[in-house]
Amino acid sequence: MHHKTLAELSAGLAAGEFSSVELTRHFLERIRAHDERLNSFITVTEEQALAAAEAVDARRAAGEAGPLTGIPLAHKDIFCTLDVRTSCGSRMLDNFVSPYDATVVERLAAAGMVMLGKTNMDEFAMGSSNETSCYGPVHNPWDTERVPGGSSGGSAAAVAARLTPVATGTDTGGSIRQPAALTGITGLKPTYGRCSRWGMIAFASSLDQAGPMARTAEDCALLLSGMAGFDPRDSTSAERPVDDYLAALDRPLDGLKVGLVREFMAQDGLHSGVAAATEAVLEELKRQGAEVVEVSLPHAHLSVPAYYVVAPAECSSNLSRFDGVRFGPRCEDPKDLEDLYKRSRSEGFGAEVKRRILIGAYALSAGYYDAYYLKAQQVRQLIAQDFRVAFEQVDLIVSPTTPDVAFPLGAKTDDPVAMYLQDIYTIAVNLAGLPAISIPAPAADGLPTGFQMIGNHFDEACLLNVAHRLQQATDWHRHAPEGF
Amino acid sequence: MQWEVVIGLEIHTQLATRSKIFSGSSTAFGAGPNTQASLIDLGMPGTLPVLNRRAVEYAVRFAKAIGAELGERSVFARKNYFYPDLPKGYQISQFELPIVGRGQVEIVLDDDGVKTVGVTRAHLEEDAGKSLHEDFHGMTGIDLNRAGTPLLEIVSEPDMRSAKEAVAYARKIHQIVTWLGICDGNMQEGSFRCDANVSVRPLGKEKLGTRTELKNINSFRFLERAIDYEIERQIDILEDGGRIVQETRLYDAERDETRSMRSKEEANDYRYFPDPDLLPVVLDEAFIEEATRDMPELPDARRARFQEQHGLSAYDANALTATRAQANYYEAVVAACGDAKLAANWVMGELAGALNKAGCGIEDCPVPAPALGGLLARILDDTISGKIAKQVFEAMWAGEGDADRVIDARGLKQITDAGAIEALVDEVIAANPQQVENYRNADPAKRPKMIGFFVGQVMKKSQGKANPQQVNALLREKLGG
């Protein structure tokens with residue numbers, strides 16, 4: 001049952017082959033049986049899940065069921081969930097039980113989805129390996145000695161290991177796409193503003209975006225349909241209708257113009273197996289009638305440095321509210337206000353979060369603002385402009401999702417810059433606010449690789465369409481890790 | 001040495017919106033601690049601000065009122081600092097691109113002169129909460145009801161040259177924001193707060209002296225006293241060869257002094273940057289038109305019109321336009337009696353005195369404007385004298401009805417019958433032979449003054465009802481000389 005996709009499970013529920021309660025039990029059992037090896041969940045909400053499943057079964061009996069009704073899912077622990085601990089992978093929020101639901105959580109629950117629990121993640125979504133979580137690292141189901149990528153590593157590992165049919169993730173610089181690539185699943189980062197950020201604990205507000213993680217593009221389309229849409233509680237959410245992603249899935253690819261990013265293929269450190277995997281996907285695209293050309297993103301090499309000014313700057317401010325005053329742990333016996341702040345924050349945050357707060361506070365400080373923050377914003381404009389020019393020539397821009405396959409746990413923890421370069425192909429997309437998807441490509445060294453497709457603003461339908469067509473013709477996304 | 005004082009004010013006006021600037025919580029004053037704090041006001045993880053449209057409209061009205069440029073595109077920025085009553089660890093404010101640009105207001109000085117004071121800018125921001133230091137046994141309580149209340153911070157040019165001018169400017173801003181109805185102007189509740197930047201420099205020097213910022217001033221009287229104290233303090237230091245430290249100082253009303261709060265060295269680096277949670281505010285013509293459509297005639301325009309149309313002095317016109325309610329009242333009195341000057345004297349004199357004594361505002365005046373106009377009409381048609389009118393006014397104030405009714409009921413109608421007045425005049429002349437003698441022997445130049453005694457006697461005999469002009473004329477005739 002757990003090998004079925006969301007679409008298949010949905011059909012099974014509709015046909016009465018099984019109930020949501022049975023489905024939910026099955027996945028809860030799988031979590032119990034396998035997650036010890038993966039550590040992909042921080043919190044499993046068994047009781048609530050079963051109660052919710054019962055309720056949606058009743059809804060179905062009353063004739064109120066949509067395609068998502070009764071389907072279990074996991075939420076990244078960055079989404080606030082009413083009456084459930086929402087930790088963000090941080091000691092700072094270990095005791096935080098949210099008093100409200102995030103919009104994404106609320107919408108999916110309203111569509112009848114059943115939350116199995118909250119998935120592990122890099123602390124406050126800062127990391128590319130899921131090793132910065134205060135709940136310990138997540139293991140990659142393809143090789144448990146390796147990382148699953150991050151920061152949505154728990155969601156990625158859980159979906160790859162079939163512990164949940166689908167999961168939500170968030171992507172600030174690649175946090176959906178990179179772990180999707182490293183665990184062999186499909187993950188979509190929508191256009192900035194497509195999904196509401198209300199209730200999504202902010203890392204870098206101008207870059208953060210929620211998105212679906214699943215095994216197929218079709219499942220991503222189903223899940224995104226439930227997540228996306230305007231939300232008056234988020235001023236940056238887009239006030240425009242959501243496309244019918246499902247209706248667009250089967251469009252043929254004849255005449256599609258695809259641009260391969262020249263600079264990304266020439267990048268130092270690109271694994272030859274990953275490059276070969278990209279070539280293989282391109283061949284399939286051509287076979288289906290797409291035309292592949294090269295495009296240039298001349299400022300893309302500046303995206304990592306620009307990102308590591310903008311994102312930390314925003315995070316340094318976003319994380320100021322974690323001060324030990326209203327929620328989260330407070331240090332013992334503070335001797336005065338300053339001591340309370342210093343110790344509560346020193347004890348509550350992990351090393352990577354502190355590093356980024358420091359970088360960000362520095363970049364915004366008087367005398368440095370123009371040289372760092374303002375300059376980075378200018379670079380961001382140039383990168384967005386690069387994409388605009390490229391999209392005048394092509395419908396879709398493609399590249400590998402990551403330069404390498406999953407690396408061993410601990411391999412990059414002492415070298416933050418090497419870790420940051422994990423996101424070298426994904427970050428530019430966030431800086432430009434564009435949608436992008438990572439789909440499984442042929443394995444390299446027996447490990448998953450990802451193929452990234454970047455669309456024009458609000459053209460998620462195109463990404464899902466092309467990804468779906470590729471997946472209809474190939475089986476790269478069908479492989480399951482052994483032992484799960 | 002002669003010193004020149006340079007003062008600029010930063011005025012925080014709390015906008016009279018029903019809900020907060022970035023959340024739907026109520027802004028009502030005086031509720032139990034933290035009962036008007038939503039998830040957003042508490043800075044809960046994952047919450048986001050949404051701008052209150054009404055706050056923007058109010059800022060636009062203010063801009064129009066002071067002839068300011070409106071920022072076509074204004075940007076909210078985060079001002080980062082840690083304090084327990086600042087839940088997010090940053091205040092959402094505006095920094096580089098405020099909503100209201102350069103404008104100006106006119107203030108009327110004591111000598112009836114008019115001075116223009118520049119407004120540098122005005123920006124929208126959210127208020128912080130309150131720290132409560134009592135009743136917590138060495139701890140501090142936090143009340144976030146006020147957190148997120150909309151403020152319009154109005155920053156002036158350093159154009160004021162005395163505490164009096166600063167107060168006149170502050171009153172002017174107070175007049176405008178309450179006139180527009182965008183702020184209730186309540187200084188005790190903190191709806192209108194002034195910070196003053198004060199420096200002194202040798203007269204004639206271009207370069208500004210080092211300034212200090214005075215905070216915690218909650219009345220116009222204290223504003224004047226705090227600035228005067230600070231001017232004196234700075235001059236004393238400079239004359240003793242010392243130098244002024246740039247710092248923030250708190251005004252202590254009880255001791256009537258300012259005290260150092262923090263120096264520039266200790267000041268925060270606020271690390272301002274555009275708030276990525278909020279879109280830039282882009283004002284289009286339609287929005288501005290809608291926001292300003294129902295704007296009332298503004299105080300300066302009305303003052304000018306009062307001067308022109310009613311022949312008032314700048315000082316009187318200014319006083320009569322202190323508030324919109326006052327100006328409306330005055331014009332209603334004029335309409336009812338037809339004499340602008342008499343109406344001005346009464347509204348600023350008898351009426352203001354009575355209101356002051358009763359401690360009530362003109363909005364709650366027990367004598368409606370048409371009724372006061374009716375009273376003045378009786379002076380004008382010689383039914384009563386101005387003196388009797390004061391009696392009638394008191395009765396009207398006490399609720400005895402309109403002027404005619406009081407005059408009737410109390411028999412206060414003026415005596416204009418020549419025969420009756422003559423009889424009274426004769427009586428007085430007969431009863432005061434010595435005074436008559438003195439009068440007749442006096443230097444004619446002194447006589448007009450001396451006649452006052454006889455007028456007084458006649459009026460007394462008539463219980464104030466005799467027509468004073470007739471009494472005067474008759475006395476002059478009878479006393480001769």
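Trainee: What makes the crossing of α9(B) and α10(B) right-handed?

Mentor: In this predicted model, the crossing of α9(B) and α10(B) is right-handed, a word used if the near helix is turned clockwise from the far one by less than a right angle, anticlockwise being left-handed. Residues are numbered from 1 along each chain as its sequence is written, chains are lettered from A in the order in which they are written, local features need pLDDT of at least 70, and side-chain values use heavy atoms, without hydrogens and water.

Trainee: Why is α9(B) called roughly antiparallel to α10(B)?

Mentor: Helix α9 (residues 369-380) of chain B and helix α10 (residues 386-397) of chain B pack at about 155 degrees, with axes 10 Å apart. That angle makes α9(B) roughly antiparallel to α10(B), since the term applies to angles over 145 degrees between N-to-C directions.

Trainee: Which residues of α9(B) meet α10(B)?

Mentor: B:Ala371, B:Leu372, B:Leu375 and B:Ile379 meet residues of α10(B) including B:Gly386 and B:Phe393, where contact means heavy atoms within 4.5 Å.

Trainee: Which residues of helix α1 (residues 6-14) of chain A are buried?

Mentor: They are A:Leu6, A:Ala7, A:Leu9, A:Ser10, A:Gly12 and A:Leu13, buried meaning under 20% relative accessible area with a 1.4 Å probe, protein chains only. Among the elements that cover them are α2 (20-38) and β4 (166-171) of chain A, while A:Gly16, which follows α1(A), has a positive phi, near 75 degrees.

Technical notes
This is a predicted model: local features need pLDDT of at least 70, side-chain atom pairs count only at pLDDT 80 or more; totals for chains, interfaces and linings use all residues. Axes are lines fitted to C-alpha atoms, for helices over the stretch in contact, and angles run from 0 to 180 degrees between N-to-C directions. Helices (H or I, at least four residues) and strands (E, at least two) are DSSP runs, numbered from the N terminus. Angles under 35 degrees count as roughly parallel, over 145 as roughly antiparallel, 65 to 115 as roughly perpendicular and the rest as oblique. Buried means under 20% relative accessible area, exposed over 50%, partly exposed in between (1.4 Å probe, protein chains only).
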